[in-house]
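Colleague: I have the model open and want to go through the contacts. Can we take it piece by piece?

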Protein chains: 2
Amino acid sequence: MSLAKVAAILRRLARDQHDLAVGELAEAMNWPKSSASRLLKDMHQHGLLERDYGTRRYRPSLLMLQLAARYRSAEPLVEAADKALAELTRRTGQATGISVLDEQDVVVLRSRAGSQPLRVVTPPGDRGPAWATSTGRVLLARLTDEEIARRFRKFPRRPGVGGPASLEALMQRIQRIRAAGWEEAANEAMTGLGGVSVAVEDAQNGDAFALYFAFSSLHVHKQQRRELARHLREAADALARRFNAQPAATLGRAYG
Amino acid sequence: MSLAKVAAILRRLARDQHDLAVGELAEAMNWPKSSASRLLKDMHQHGLLERDYGTRRYRPSLLMLQLAARYRSAEPLVEAADKALAELTRRTGQATGISVLDEQDVVVLRSRAGSQPLRVVTPPGDRGPAWATSTGRVLLARLTDEEIARRFRKFPRRPGVGGPASLEALMQRIQRIRAAGWEEAANEAMTGLGGVSVAVEDAQNGDAFALYFAFSSLHVHKQQRRELARHLREAADALARRFNAQPAATLGRAYG
DNA sequence: AACTTGGTTCCATTATTTGGGACACCGCAT
DNA sequence: ATGCGGTGTCCCAAATAATGGAACCAAGTT
């Protein structure tokens, strides 16, 4: 068994299918049925997959839930940021969360639903286009121009996704973010989906993550968005003071 | 690379350590350093782990977050139950969630925090002793006596964990649950932690999961617990009608 | 400079994986 | 009852990959 095959199966379950049949996998991957059958069985026996005995299909095991639960859960800055965001959800009623960059995408680490009648749902693990989200762009803004150009040399095209349509347009947007220290998006990753975000950087490991509000873009007006952004900036500044982290505002100045 | 070693690493990250150093792993698993080093590196290169380049430690990758997010997310009954529980949290202010059995443990699949001042946090992936929680016992109650005896032949002992202390005591408790159709726990898995639960069974695959409220046992009194249980029973009955699922009440009669 | 600690790489040796083919099982049509 | 098609399992000779000891590297400490 090569690790490449195990990883390919897990990626397929993460991105394309909720579960897998033996023949489906063999066909999708162009593997012999015997190889697919044995590998799925072995992964099941070792606890990476579980099997529905009615449908005979395989899916990720509870082990993945536990691994996900522990993802960066021991990091004080992440925990404190999460707590601060929970408090912001309580005060404002809007959904909040933490996201990180992953190449051209942005992935939710932590989130909670708001209490508005129209709910925005962004569960942990949820992935979206970084160039078309406020969280993605606020994180891209702290990369060098070279690194951004490397990631978006071939600018992605996704049906139904708005936002900047070229590297040039993205770079212009990023200049504004560096100056402003926060970002907003409306109807870009998805029609009706709005968000405001700031970035926080862990001074210890250089990693950054975004703090965000997510809401229905039809129901949150400009002044409200500014106020939500202010809440995030204050939360980010409080974290920066407490953890010697680096919020976006100083990033803006650094790129002067 | 054997799958057994990959699984052992992932289990260790799920249960014991948030991250791993090469030497630590070699020592903990009694493997040669070269084996540990190359295996961690290979898992990193194939996207199962990521590496903090400051500390050089390995931790699960974002892939696990995505796998977890998709865990049973395509099942209409699970999705509907989750939605119903979100509504119950809104109405009552108490934390709710869904849990499943895993041998002697119970694992949270979905959850949300309540809005009470004293927050109970049970994130997805959270694992607890099935014999000492309302969710665990309500799920054990739908197993056969033989199966329960098999799992608890050697009754577990965990410091700080209350609840039934023998198979006999557990079986007595389970008889009561089968009759009542719901269960409660207070100060068993953990001092101060209270819960009420009902089980729901998916008629299609026979799997069951528990719907629960979790709360501070000091602040939720007997009458309130009964009322929370009633909410859960009503939610479970509505799901049963809609999905032809089998709530615990009929299970109680089945064992009559 | 020498030592310690953590980690990496190489390669001869050892172990495991692979996939074709035979087979089992089940549902469906005749 | 029989045959067919689809899904999946198992075996084993052949092919491929993993393994771990030893040497080495880098960084920090003495």
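Modeller: Helix 4 of chain A passes helix 4 of chain B in a left-handed crossing, where left-handed has the near helix turned anticlockwise from the far one by less than a right angle, and right-handed clockwise. Helices (H or I, at least four residues) and strands (E, at least two) are DSSP runs numbered from the N terminus. This is a predicted model, in which local features need pLDDT of at least 70 and side-chain atom pairs count only at pLDDT 80 or more, while totals for chains, interfaces and linings use all residues. Residues are numbered from 1 along each chain as its sequence is written, with chains lettered from A and ligands numbered from 1 in the order in which they are written.

Colleague: At what angle do helix 4 of chain A and helix 4 of chain B pack?

Modeller: The angle is about 125 degrees, and the axes are 8 Å apart. Axes are lines fitted to C-alpha atoms, for helices over the stretch in contact, and angles run from 0 to 180 degrees between N-to-C directions. Helix 4 of chain A and helix 4 of chain B are therefore oblique to each other. Angles under 35 degrees count as roughly parallel, over 145 as roughly antiparallel, 65 to 115 as roughly perpendicular and the rest as oblique.

Colleague: Which residues make that contact?

Modeller: Met64(A), Leu65(A), Leu67(A) and Ala68(A) on one helix, with Met64(B), Leu65(B), Leu67(B) and Ala68(B) on the other. Contact here has C-beta atoms, placed from the backbone, within 7 Å. By class there are 8 nonpolar residues, no polar and no charged. Ala, Val, Leu, Ile, Met, Phe, Trp, Tyr, Cys and Pro count as nonpolar, Asp, Glu, Lys and Arg as charged, and the others, Gly among them, as polar.

Colleague: And the whole interface, how many residues of chain A are in contact with chain B?

Modeller: 45 residues of chain A, against 45 of chain B. On the chain A side, helix 1 (3-15), helix 3, helix 4 (62-69), helix 5 (76-92) and strand 4 (105-112) each supply at least two residues. That side has 26 nonpolar, 10 polar and 9 charged residues.

Colleague: How do helix 2 and helix 3 of chain A cross?

Modeller: Their axes come within 8 Å and cross at roughly 120 degrees, so helix 2 and helix 3 of chain A are oblique to each other. The crossing is right-handed. Val22(A), Gly23(A), Leu25(A) and Ala26(A) of helix 2 meet Lys33(A), Ala36(A), Ser37(A) and Leu40(A) of helix 3.

Colleague: And in chain B, at what angle do helix 2 and helix 3 pack?

Modeller: About 125 degrees, with the axes 8 Å apart. Helix 2 of chain B passes helix 3 of chain B in a right-handed crossing.

Conventions: Contact = placed C-beta atoms within 7 Å.
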